[in-house]
Amino acid sequence: MAETSALCEEEEVKPQVKWNGRYKCPWTTWEYPNGLSFVLNNILPNERWADVSEIPSSTDLDITLPVCTPDIEQLKNPPSSGVQATWIGHATVLVQLDGINVLTDPVFSDSTGPVLFGYKRFRMPACTIEQLPSIDAVVISHNHFDHLDANSVGKLNERFGEKIVWYVPKGIGKWMKDTGCRNIVELTWWEQHGHHADLQEEIQFVLTPAQHWSGRAIIDTNESLWGSWVIKGPRHSFFFAGDTGYCDIFKQIGKKYGPFDLSAIPIGAYYPRHFMEPQHINPKEAVDIHLDVKSKNSVGIHWGTFKLTKEYYLEPRDQLKIEAKKAQLLENAFITVNHGITRTFGGI
Ligand code: ZN
Ligand code: ZN
């Protein structure tokens, strides 16, 4: 027991709050993205910053990265055992476990981002908000545009209204309220909230740390928190890594909440490394996190949808296969799927 208590104390690392009320990652692996690097990375087409990611025509994309229409009946009738997951695109996943339907970072818009630096989608969402089954909860990892989209939040509210509980990191609540959300649960790292599904069983939603940052404009940088999410039901569990660089905290999340039946872990938007490494993991680090959190199965997300960075658009998928093999993961323990594909994990 003494050892468990000590472990818990060690686990509860808090986000640092600077003097001006902004959050900051507490790890030495964190480095704040340099503004000049950001501009160079996005504007200057010299050799060092050359964009190697040529996105092909949609006809070619339909072959290399097809968008499949999910079986809507299957989404409406998930199996009673297991975690059913459907990749809608980027970090948006429909996760169905223990009687509830959860969406992660819902972005259904054609483009996202601020006016001049916006990102256009090269693969459309696998389904529309109108086609979704009834949604009980939404988890938001942080308020970057490719994870929190006003248009999608508004449409979800129009369709489902008060039925949805919005789980968000500390500091995003006001934005959610202003966008029309009603049931908002705002948490800081390691805080949890019991969600009561229709089945009368409590499902815990826990905001866990991630190494990242937040902001929709320069002036609001890090005013709100970011994080990953643990969803732990009576029979099944799911981990959503959000957007993150690699740090030791995932081992602690694994000790406290693992193992997980399924994790959704980002594998894309990682190049060039000298700029992206603190904030976005690459496929090798995604495999490290899969092992750290003790995930039985993982799906790679945050790739193949918006071109945010410079790696070749299929490299995350190809590289993940190589890294999973190198780490001697069981076959299919950490996979990618095409947009719209539904899989069930951990069922009996
Ligand atoms: Zn982000
Ligand atoms: Zn992102």
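Me: What is the volume of the second largest cavity?

Reply: This is a predicted model, where local features need pLDDT of at least 70, side-chain atom pairs count only at pLDDT 80 or more, and totals for chains, interfaces and linings use all residues. Residues are numbered from 1 along each chain as its sequence is written, chains are lettered from A and ligands numbered from 1 in the order in which they are written, and side-chain values use heavy atoms, with hydrogens and water left out. On a 1 Å grid over the protein atoms alone, a cavity is a set of points where a 1.4 Å probe fits but cannot get out, and lining residues have an atom within 4 Å of a point; points join across faces, edges and corners, and a volume is the space filled by probe spheres set on them. For the second largest cavity that volume is about 70 Å³.

Me: Which residues lie nearest the centre of the second largest cavity?

Reply: The lining has 10 nonpolar, 2 polar and 1 charged residues. Here Ala, Val, Leu, Ile, Met, Phe, Trp, Tyr, Cys and Pro count as nonpolar, Asp, Glu, Lys and Arg as charged, and the others, Gly among them, as polar. Of the 13 lining residues, those nearest the centre are Ala85, Thr86, Trp87, Val93 and Val299.

Me: Which elements give two or more residues to the lining of the second largest cavity?

Reply: Elements here are DSSP runs numbered from the N terminus: helices are H or I with at least four residues, strands are E with at least two. By that count, the elements are strand 3 (83-89), strand 15 (262-266) and strand 18.

Me: Which residue is the bridge partner of Trp87 in strand 4?

Reply: Strand 3 and strand 4 run antiparallel, joined by 5 bridges. Their hairpin has 2 residues between the strands, and His90 takes a positive phi near 50° there. Across in strand 4, the partner of Trp87 is Val93.

Me: Why is strand 4 largely enclosed by the rest of the structure?

Reply: Buried means under 20% relative accessible area, with exposed over 50% and partly exposed in between (1.4 Å probe, protein chains only). Thr92, Leu94 and Gln96 are buried on one side, and Val93, Val95 and Leu97 on the other. Strand 4 (residues 92-97) is largely enclosed because its buried residues number 6 of the 6.

Me: Which residue in strand 5 is the bridge partner of Leu97?

Reply: Strand 4 and strand 5 pair in the antiparallel sense over 5 bridges. Asp98, in their hairpin, takes a positive phi near 45°. The partner of Leu97 is Ile100.

Me: Which residue in strand 8 stands opposite Leu103?

Reply: Strand 5 (residues 100-104) pairs with strand 8 (residues 137-139) in the parallel sense, over 3 bridges. Opposite Leu103 stands Val138.

Me: In strand 16, which residue is the bridge partner of Ile265?

Reply: Another open sheet of 7 strands has mixed pairing and the order 11-12-13-14-15-16-17. In it, strand 15 and strand 16 (residues 298-301) pair in the parallel sense over 4 bridges. The partner of Ile265 is Gly300.

Me: Is Cys25 buried or exposed?

Reply: Cys25 sits in the loop between strand 2 (23-24) and helix 2 (35-43). Contact means heavy atoms within 4.5 Å. Leaving aside neighbours within four places in sequence, Cys25 is in contact with residues including Trp30, His212 and Trp226. With a relative accessible area of 2%, Cys25 is buried.

Me: Which element gives the most to the lining of the second largest pocket?

Reply: A pocket is an open set of grid points with protein on both sides within 12 Å along at least five of seven lines. The second largest pocket holds about 270 Å³ of space. Of its 13 lining residues, the closest to its centre are Lys321, Ala324, Glu331, Asn332 and Phe334. The element that gives the most, with 4 residues, is helix 10.

Key:
Two strands pair if DSSP finds at least two bridges between them.
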